Amino acid sequence: MKRYAEYKDSGVEWIGEIPVDWDRTKLKNLLATPITDGPHETPEILDEGIPFLSAEAVKNLKLNFDLKRGYISQNEHERFCLKCKPQRGDIFMIKSGATTGNIAMVETDEEFSVWSPLALIRCNENKIDRYYMFLFLQSFIFRRQVKLFWSYGTQQNIGMGVLGNLFVAYPDVETQRRIADYLDRRTSAIDTLIADKLRLIDLLREKRQSLISEAVTKGLDPTAAMRDSGVEWIGEIPMGWEVKRLKFAVFLRNIKSADMSLQYIGLENVESATGALQYNEAAETEEDMKQANLFYTNDVMFGKLRPYLRKAFVAEFNGQCSGELLVFEPKIYTSKYLLYMVLSHGFINWVDSSTYGSKMPRASWDFIGNMETPVPTPQEQQQIADYLDTKTAAIDTLISDITTQIDKLKEYRQSVISEAVTGKVEV
């Protein structure tokens, strides 16, 4: 695409040159109301009422109401709306936490309230088109400003005053709308490619889970004679296998640690469904350490909270972990077979059916320990673990490659947006 005929210095380093008839100003000068956020108090979460959203509901540039915190009362909603009342066309930006800078536009007339991590940005449409603004806030140019000016405490954070002082480049409203229409077409094509790749990842993850579930309950020999296990979640098993309650197959290690010299593993460090550990997000507190459980090499950890039931791993070192992870010392299982077994669909779904509590449902050791589980011969356990190691590693590599492709498409998407909303190309 061609460039504009003439440019001028925007006066802002990270914006650079803009077309001569464009302008740039601080975000706050383009808004109908000052930037505000949700309440800084924790409301009572109910089973029904007005939806209450926080940062986790901002997904893929939209508000996902399935990821709401829960519901609040009408009275609390009306009180919260005195500070922050969402309406269609508003833009919400996450202003604290790991996803600071992510945005979503309100596309509903449904009543809802938001919590303090979300900042409301409402455009003055006599000055700025809301869709143009929404695109500008997605650009490299604006995201870079957010990263340059956020602060760090226990996590990254950008204040509303700081946010309002970040710069926006823009042409006249008619040109804004033309750019927004153009970018809608361009980004829609990229978004379709990304969605296709995400669906492929979902299929690969389903295939991974299916392989695990089949192998840990049916073995690797498709010609093996089978018998009914008598256990609903297991179904038929090979003739030579046994069935035992988990409490007789593992020892529950429940030893408190509070030893700061040991490596600490929190739920945030355990990748869901894969057994992989990530060490870049842990932020253990004194309270975490008081509740920490000791574990030793070859122990298997299993998350007992409903949202984290697929978080499990085999220890490759001595350490300590969140009290929300059960620590199993295998007695008649190999560690790897036990890991795959507790990650299987049937095991997870059966545990999930037992969870209790409204705010953070969890499973109890009394229930899990009394679950009947399949017990192959030691030789078959090793063969199953080796087979699944190979198969899941191949799938994980595919998923990693596709994820890299998605990241590149997202970068390209941002590049297309950035060039258009700073006038580097003429639309």
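1. **Overall make-up.** The model, which is predicted rather than taken from an experiment, contains eleven helices and 26 strands. When a box is drawn along the principal axes, the C-alpha atoms fill roughly 80 × 50 × 45 Å, and of the 427 residues in the protein, 47% are buried.

2. **Charges.** There are 51 positive and 60 negative side chains in the protein, and the centres of these two sets lie 3 Å apart. Side chains of opposite charge can pair when their charged atoms come close. In this model the count of such salt bridges comes to 20, and some of them are described in the next points.

3. **Asp37 and Lys83.** Asp37 forms a salt bridge with Lys83, and the closest N and O atoms of the pair are 2.1 Å apart. This bridge links distant parts of the chain, with Asp37 in strand β4 (residues 36-37) and Lys83 in the loop between α1 (74-81) and β9 (91-94), so that the partners are 46 residues apart. Is Asp37 buried or exposed? Asp37 counts as buried because its relative accessibility is 1%, a value under the 20% cut-off, whereas Lys83, at 40% relative accessibility, counts as partly exposed. The pair also belongs to a network of salt bridges in which Asp37, Lys83 and Lys95 are linked.

4. **Arg88 and Asp109.** A salt bridge also joins Arg88 to Asp109, where the closest N and O atoms are 3.2 Å apart. Here too the pair links distant parts of the chain, since Arg88 lies in the loop between α1 and β9 while Asp109 lies in the loop between β10 (103-105) and β11 (113-114), 21 residues apart. Arg88 counts as partly exposed because its relative accessibility is 41%, but Asp109, with a relative accessible area of 60%, is exposed.

5. The side chains of Arg199 and Asp196 meet in a salt bridge with an N to O distance of 2.2 Å. Why are these two residues separated by about one helical turn? Arg199 and Asp196 are three residues apart in helix α5 (residues 173-218), and therefore about one helical turn separates them. An α-helix has 3.6 residues a turn, so residues three or four places apart point the same way. Arg199 counts as partly exposed at 48% relative accessibility, and Asp196 is partly exposed as well, with a relative accessible area of 37%.

6. **Asp191.** Helix α5 is also the place of Asp191, which is partly exposed, with a relative accessible area of 32%. Asp191 and Pro86 are 105 residues apart in sequence, and their C-alpha atoms are 26 Å apart in space.

7. **Helix α8.** How many of the eight residues of helix α8 (residues 335-342) are buried? Seven of the eight are buried, and the helix is accordingly described as mostly covered. The buried residues of α8 are Ser335, Tyr337, Leu338, Leu339, Tyr340, Met341 and Val342.

8. **Strand β25 and its partners.** Strand β25 (residues 325-330) is mostly covered, with five of its six residues buried. Strand β19 (residues 250-253) pairs with β25 in the antiparallel sense over four bridges, and in this pairing Val250 stands opposite Pro330 in β25. Strand β22 (residues 300-303) likewise pairs with β25 in the antiparallel sense over four bridges, and there Gly303 stands opposite Leu325 in β25.

9. **A sheet of three strands.** An open sheet has three strands in the order β20-β24-β21, with mixed pairing. Its edge strands are β20 (264-265) and β21 (293-295), each of which pairs on one side only. Two bridges join β20 to strand β24 (residues 319-321), and these two strands run parallel; Ile265 stands opposite Cys321 in β24.

Technical notes: Residues numbered from 1 in each chain as written. Predicted model: local features only at pLDDT ≥ 70, side-chain atom pairs only at ≥ 80, totals over all residues. Heavy atoms only, no water. Buried < 20%, exposed > 50% of the residue type's maximum accessible area, 1.4 Å probe, protein only. Lys, Arg positive; Asp, Glu negative; His and termini not counted. Charge placed at Lys NZ, Arg CZ, Asp CG, Glu CD. Salt bridge = Lys/Arg side-chain N within 4 Å of Asp/Glu carboxyl O. Pairing = 2+ DSSP bridges.
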